[in-house]
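Please look at the sequence and the structure before reading on.

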Amino acid sequence: MLISGFPDPGHLLAEVKKEFLPDYAGKSPEKATVSVDLGQRSVAISPLIYGQFIEFLGRCIDGGIYEEGSPLSGMNGFRKDVLQSVKELKPTIIRFPGGTVTKIYHWEDGTGEKNKRPVRKNLIWGGVIDNHFGTAEFIEYCREIGAEPFLVINMATGTPEEASNWVEYCNGTGKTFYANLRRSHGYEKPFNVRYWGIGNEEGAIPDAGKDQKVSKYIEDGWQFVKLMKLQDPSIKITLDGNPADLNWGRKIMAEMGPVCDFLSVHFYAMPSDSTYNSLLQNVENFNQSLDSMRAIIQTVSEQVKGFSQWYRFPPRQNPVKLAVDEWGIWNMSSGKGTGTYKLEYPYNWADALAVGKFLNLFQRNSDIIGLATWAQSVNVLAPIMTNREGSFCQTVYTPLEAFRRYSLENHLPIGVTSPLLNDNLKSIDATATISADGEELVISLLNLSVNEAISTRVRFNLPAKNSQMQFLEHISYTAPSLGSTNNFGKNCVNETKTIHHQNSDSGFEITVPPASINFLRFKIKTK
């Protein structure tokens, strides 16, 4: 990467293996511009957009994050190698136990002595659920990695009373039955689970639910919410949305808006023909879905008024946000998946670039996205894969970890002019985040062109005449080809860091490699 006005960093590239060297040497790079106006109003990014999701599906939980008796597991059954990889992702929230499996999951099965817990047939995904990983184990896992727990209740074969009892078991502080039951299981202090989902994709006709009509979901949903909120008025409620049926979301907002903290949407990139352009276009199309959902959640006021005191709990206290509580890449047409429902999928570098595009999209829409959870953490459409001897991180792990590490607290709108990949897609996809104190800036910049290096001019409009930008660091991730994959003992991803401490009043010119994920770190200084 060549930085105008700085020493040639060729000595850094010389240390990189030959297969990682860029293939554009000697070519004239195309040009792009990123325009940053530091006087623009920034928008807080919810830290909960960096979440994960686990479900009783295939080897996600059993044989993934949890494997009793394995030499790789601790006394609590958690796979230590997997736990370390999850910790390094620094997820802020974890969703459990599903997913579609919630329709047959009864939380009390996963409590008490493990050898007395019932083994149930997994009617949704096949196999069995031995329930050794239950509520307390999930909470312990969240505490180990510093994440908020997010529980989804069973609307299909469960009852509002069962869901309410789960809230008491988790959060109860009095000398009542389910709070005492938790204490008898060895947990004196409440779990303080704040985030609760009312069902999962309940409108899906093929699933084993009973609330496929939005009117039925609203009728039943109110009863669930009432009994759960009467147990703990402080809990945050996620209700089902449906970007494929916008009328569903409109009715939820119209009739349940006062108690809806988050409206759930699921975004899976499902390219129709497994080509790179199809994959990227699939992610790009979610812009339209987000615009539609923005209009829906903004049909209700930010503050609830006229909420009857006889509900005996308060309404939501903040504007409704979206919960993208399942997202990822699900390339069903590739034929490469193995395992349960062919969901153990090998991700390549093209997929990693698409994940970067997803995360830029989430940051750009931080005004409406309140949380997001990648589906799923281990083995199932996952960044982490295991066998009995070990584990490895797939290519998509790289952007998930890097965005969490380098992104700052607030989103700052920017302008991007770029060469086009096709009629609809820019080669350069970029987003800026700025620190809460306004002193640091990071640009996450993807070069989605497969073969072309792109000379990118980063221009700044500074807030004061005595301000200047200091370019601190350029972090770049590349791979030998779009089809490159990781495996046990093999990592195809190359990370290079070029450190700078150069100042400018106006900007910098940077040449970014093709098919790369980049983070440009700046400090806003006074002259």
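The model is predicted, so local features need pLDDT of at least 70 and side-chain atom pairs count only at pLDDT 80 or more, while totals for chains, interfaces and linings use all residues. Residues are numbered from 1 along each chain as its sequence is written, and side-chain values use heavy atoms, with hydrogens and water left out. Helices (H or I, at least four residues) and strands (E, at least two) are DSSP runs, numbered from the N terminus.

**Helices H4 and H5**

- Helix H4 covers residues 160-171 and helix H5 residues 177-184; their axes are 7 Å apart and form an angle of about 50°. Axes are lines fitted to C-alpha atoms, for helices over the stretch in contact, and angles run from 0 to 180 degrees between N-to-C directions.
- The two helices, H4 and H5, are therefore oblique to each other (angles under 35 degrees count as roughly parallel, over 145 as roughly antiparallel, 65 to 115 as roughly perpendicular and the rest as oblique).
- In contact (heavy atoms within 4.5 Å), Asn165, Glu168, Tyr169, Cys170 and Asn171 of H4 meet Phe177, Tyr178, Ala179, Leu181 and Arg182 of H5.
- This contact of H4 with H5 has six nonpolar, two polar and two charged residues (Ala, Val, Leu, Ile, Met, Phe, Trp, Tyr, Cys and Pro count as nonpolar, Asp, Glu, Lys and Arg as charged, and the others, Gly among them, as polar).

**Helices H10 and H11**

- Helix H10 (residues 349-364) packs with H11 at an angle of about 30°, and their axes are 8 Å apart.
- From H10, Trp349, Ala352, Val355, Gly356, Leu359, Asn360 and Gln363 meet Thr398, Pro399, Leu400 and Phe403 of H11.

**Cavities**

- There are three cavities of 30 Å³ or more. On a 1 Å grid over the protein atoms alone, a cavity is a set of points where a 1.4 Å probe fits but cannot get out, and lining residues have an atom within 4 Å of a point. Grid points are joined across faces, edges and corners, and a volume is the space filled by probe spheres set on the points.
- The largest cavity holds about 90 Å³ of space, and its lining includes Trp327, Leu359 and Leu400.
- Strand S3 (51-53) and helix H11 (397-406) each supply at least two residues of that lining.
- The second largest cavity holds about 70 Å³; H4 gives the largest share of its lining, three residues.

Notes:
1 Å grid on protein atoms, 1.4 Å probe; cavity = no way out; pocket = protein on both sides within 12 Å on 5 of 7 lines; lining within 4 Å.
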